Amino acid sequence: MIDDSVHPPKFSITDVLFVVFLRIVAFIGIWLGLEFWAMLVGYSHNGLARFDLLTVPWRVATCALAVIFPVAGIGLWMTVSWGPVIWFIGALTQILMYGVWPQIFGENPLLIAFHIIVVVVYAAFCLAIMLEKRDVHRS
């Protein structure tokens, strides 16, 4: 007799923790996006960071990040493959802003460290999941 019943996938603790990690980063991404939107419309920084008051580099960066981070957050929350890619683009943009061009954007070493930590933890999860799957397929 053929077993035609549906078998739900079995998730390891690493898979579950990875999804929790992605959802936390997604929440932070959406929060960052909302902060950029608040800047652009004059809601934060006492209205001094409104779009019409920003310099050209800040206009470009703020508009891009106001779109990138919420989209990345949605992709991370849904755990789709493009979510981390979009997040990485936003993180790399901020690392370049505050690390390479601090004379234009100012310094923010804490944010740079946060993005690097997220990338390292993401890579560690990917490696752990890959090794887990390899060991399961060998057995």
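I started at the end of α1, where Gly-42 follows with a positive phi, near 85 degrees. Helices here are DSSP runs (H or I, at least four residues), numbered from the N terminus. I'm working on a predicted model, where local features need pLDDT of at least 70, side-chain atom pairs count only at pLDDT 80 or more, and totals for chains, interfaces and linings use all residues. Numbering runs from 1 along each chain as its sequence is written, and side-chain values use heavy atoms, with hydrogens and water left out.

**Helix lengths.** I checked α1 next: its 28 residues reach 41 Å from first C-alpha to last, close to the 40 Å expected. The expected span is 1.5 Å times one less than the number of residues. For α2 (residues 56-77) I got 32 Å between the end C-alpha atoms, which agrees with the 32 Å that 22 residues should span. Just after α2, Thr-79 also takes a positive phi, about 55 degrees.

I listed the buried residues of α2; among them are Trp-58, Ala-61, Leu-65, Phe-69 and Pro-70. Buried means under 20% relative accessible area (1.4 Å probe, protein chains only).

I looked up Met-97's partners beyond four places in sequence: Trp-58, Ala-61, Leu-65, Pro-102, Phe-105 and Gly-106. Contact means heavy atoms within 4.5 Å.

**Pocket.** The largest pocket holds about 200 Å³. I used a 1 Å grid over the protein atoms alone and a 1.4 Å probe; a pocket is an open set of points with protein on both sides within 12 Å along at least five of seven lines, and lining residues have an atom within 4 Å of a point. Its lining includes Leu-32, Phe-36, Trp-58, Gln-94 and Tyr-98. α1 provides the largest share, five residues. By type I noted six nonpolar, three polar and one charged.

I finished on Gln-94, in helix α3. Gln-94 is buried, at 2% relative accessible area. Beyond four places in sequence, Gln-94 touches Leu-32, Phe-36, Leu-65, Phe-69, Gly-99, Leu-111 and His-115.

Terms used: Points joined across faces, edges and corners; volume = space filled by probe spheres on them. Helix = DSSP H or I, 4+ residues; strand = E, 2+ residues; numbered from the N terminus. Nonpolar A, V, L, I, M, F, W, Y, C, P; charged D, E, K, R; others polar. Buried < 20%, exposed > 50% of the residue type's maximum accessible area, 1.4 Å probe, protein only.
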